[in-house]
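Biologist: Before we discuss any particular feature, could you put the model up, so that we can go through how such features are read?

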Amino acid sequence: MAIYSLTSCEGCQFALLDLGERFLNFLKKVELVEFRLFEEEDERNKTYDIVFVEGSPITNENLRDLKKIRERAKILVVLGNCAALGGIPELKAYQNRKRNALCYVYKEPKKIDNLEIQEIDKIVKVDFAIPGCPINGEEFLNLAGDLVAGKIPKIPSRPVCFECQRNGNKCLLRLDGKRKLCLGPIVLGGCGAVCLNSKMPCWGCRGLLEKANINNYLKLVADKFSIEEFERALEIFGVRDDFCERYRGK
Amino acid sequence: MKTFKIPHIAKMEGHADFLALMSRGEVTKAKLCVREGARLIEGIVLGRKIWEIPIIISRICGICPTVHNLCAISAIEKALELEVSEETKLLRRLMLCGQMIHSHGLHLFFLSLPDFFDLTSDLKLIKKYPKETKQAIALRGFGTKIVEAVGGRTIHPMNSEIGGFKTPPDKRKLAELMANYETALEAAISLAKLFKSLKYPQFGRKTNFVSLFDSGKYPLSSDEIFFNGEETREKFGVGEFYKKIKEIQTPGEVIKRTEFMKQECYLVGALARLNNNSGLNQEAAKLRKGFSDSPDFNIFHNIFAQAIEAVHFTEEAGKIIKEALAGDFDGTGKKYKMKSGQGLCALEAPRGVLFHYYEIDKSGSVANCNIITPTAQFLNNLEEDLKFCAPEIFKKLCRDDCQKRIRTLIRAYDPCVSCAAH
């Protein structure tokens, strides 16, 4: 098994380390051959049964490494929102054309790679995606159990609302006078509605639910929120292009 | 001309190589070549609304998201001229304590300690030192659960917001933390004793120590900065200091290095804080006694300094949790009116002083943003240290040991390369 990071905040890796003993026990079940946060053994050109890849391919070197990893891996699993959907770095793509983020940040932009943010599955074949920003450590342990046994699991196709209501939260879309734009009804659950537990509306870091009824959802929120506000909310975690791909014209 | 390269330094947050150039026995260059991509965070927040910023900004870093989140929030509050309640300030201090504890715990045990036992893998470390592993995990757990109880989640907390907090802290979670306090403190003290007993390489290049300052205290936030150096030994207002920082970008480099008043390099982080401040809590002060002279110029002691801070901030967290349990938080943040303005905040992140600066317009959109991270500030100091000790290392040690010593030094800084690149 290998855990590889492209360009990222590395939060998904730390989510694993934060599991403490339970992550260390999980490691006993596998042969961990590459995880640069944890070891610096000589790099070997082996093939891997399973590789977890975190982060966005932002540099040319990231792209080369990603393609190399895909060749050497039987199963490739993307870890987290950046790898699965583009993540925070994709905000660059949604900016007004007049803005040039690269030139704003760097006086000497020439030699800096500034590739268009792509989801990893647009570059190489991805066998499974563990979503979230960051990933949920508990969910990782559940899914990884199947993955290291060579099975491709399935995340139950339920919206965030399922867990949110089970937690007894008041629905933010129904608070009289104080409604918040929560994407929960159209986003894949499995996070325990963790943001909603802190009264933060869902901004979709786990991606759109497979058979989400977007039209019904838009009707529900249309009285208070414009389509522009809706699309802006989708931009934070790189979900907007996914939405446009699936539902353009509807 | 000979080159000495260590590619892809492991057990460090982010991606970088080490490169040294030697000519006629002299080390002409010692560089940390950063391989991180440019996520352009300061650029991509332009035009976003201020309530989106804390959520976006914590994603700069996965090990120190809390301090980025709180620094952005405070800077924006300054721009809005918004004062928060004492309870909010208390809870934010508690989150920062949790941040310090779990970040230091990770770096000390999983990233730096293996260097002192000549181990190349944490898997070997945890097998050989199971008792210490349990202690490190217990200590880290205390820190991560503090951030979770107050901030909603350890990595990328979302309960903190402009004006305060979305919900009050879960008192049951706080009570659980208090129940684990003694265990956490024992673990921190035990680890600090372990780090006190390690054999650190000799090192003594004089440098400047920079940290926040608050007379008699050990501050995580302040309006004052202490530049403690040989030529300049002065206290500055945070705004004054920030204006005097020059950010320098070399073509092709994604990290902007910093220079202060033409003094090329300075150190931020645990060792700088320890050199600059008094006000350590009781157990931390006891452990620190007799370890080294003051000021301490041995950069390897930054590791021990973090161990001392882990004890100090555990004690600090204990005090604050007691106070929080006794208090009654209504959990609603202060409301604010949108206005244009500019705001700067400096906080102590685990690795050193962090600056966040925002200009906002009257519609609540970000017009300008600048972030200076601790790692970006100490990179020049790191390279000067490498250049300073490289000749002796190359002369006295075999190639393998050279690699080990250089890696140990780099890791002693606890660089956070993703942060620095943002």
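Modeller: Let me begin with a convention for charges: Lys and Arg count as positive and Asp and Glu as negative, while His and the chain ends are left out. Please keep in mind throughout that this is a predicted model.

Biologist: With that convention, how far apart are the mean positions of the positive and negative charges of chain A?

Modeller: In chain A, the mean positions of the 40 positive and 36 negative charges are separated by 6 Å. Chain B carries 61 positive and 51 negative side chains, and there the centres of the two sets lie 4 Å apart.

Biologist: What secondary structure does chain A have, and how does its radius of gyration fit a compact globule?

Modeller: Chain A contains 12 helices and 5 strands. A compact globule of 250 residues would have a radius of gyration near 18 Å, and the value for chain A is 19 Å, which agrees. Along the principal axes, the C-alpha atoms of chain A fill a box of roughly 60 × 45 × 30 Å. Of its 250 residues, 59% count as buried, and among contacts in chain A with a separation of 6 or more, 74% are between residues 24 or more positions apart.

Biologist: What are the corresponding figures for chain B?

Modeller: Chain B comes to 14 helices and 14 strands. Its radius of gyration is 21 Å, close to the 22 Å that the globule rule gives for 422 residues, so chain B is as compact as a globular protein of that length. The box filled by the C-alpha atoms of chain B is roughly 65 × 50 × 40 Å along the principal axes, and 67% of the 422 residues count as buried. Residues 24 or more positions apart supply 71% of the chain B contacts with a separation of 6 or more.

Biologist: Is helix 11 of chain B largely enclosed or largely open?

Modeller: Taking buried to mean under 20% relative accessible area, 21 of the 26 residues of helix 11 of chain B are buried, so this helix is largely enclosed by the rest of the structure.

Biologist: Which backbone angles deserve a second look?

Modeller: Most residues other than glycine have a negative phi, and most peptide bonds are trans. A:Ala193, in the loop between helix 8 (160–166) and helix 9 (194–197) of chain A, has a positive phi near 50°, and this residue is buried, with a relative accessible area of 1%. B:Asp414 also has a positive phi, near 60°; this residue lies in the loop between helix 13 (399–413) and helix 14 (417–421) of chain B and counts as buried at 2% relative accessibility.

Biologist: Where are cis peptide bonds found?

Modeller: One joins A:Cys133 and A:Pro134, with omega about 5°, and A:Pro134 sits in the loop between strand 5 (128–130) and helix 7 (137–148) of chain A. Another joins B:Ser294 and B:Pro295, with omega about -5°, where B:Pro295 belongs to the loop between helix 10 (282–288) and helix 11 of chain B.

Note on methods. Residues numbered from 1 in each chain as written. Chains lettered and ligands numbered in written order. Predicted model: local features only at pLDDT ≥ 70, side-chain atom pairs only at ≥ 80, totals over all residues. Heavy atoms only, no water. Buried < 20%, exposed > 50% of the residue type's maximum accessible area, 1.4 Å probe, protein only. Helix = DSSP H or I, 4+ residues; strand = E, 2+ residues; numbered from the N terminus. Rg over C-alpha atoms; globule rule 2.2 N^0.38 Å. Contact = heavy atoms within 4.5 Å. Charge placed at Lys NZ, Arg CZ, Asp CG, Glu CD.
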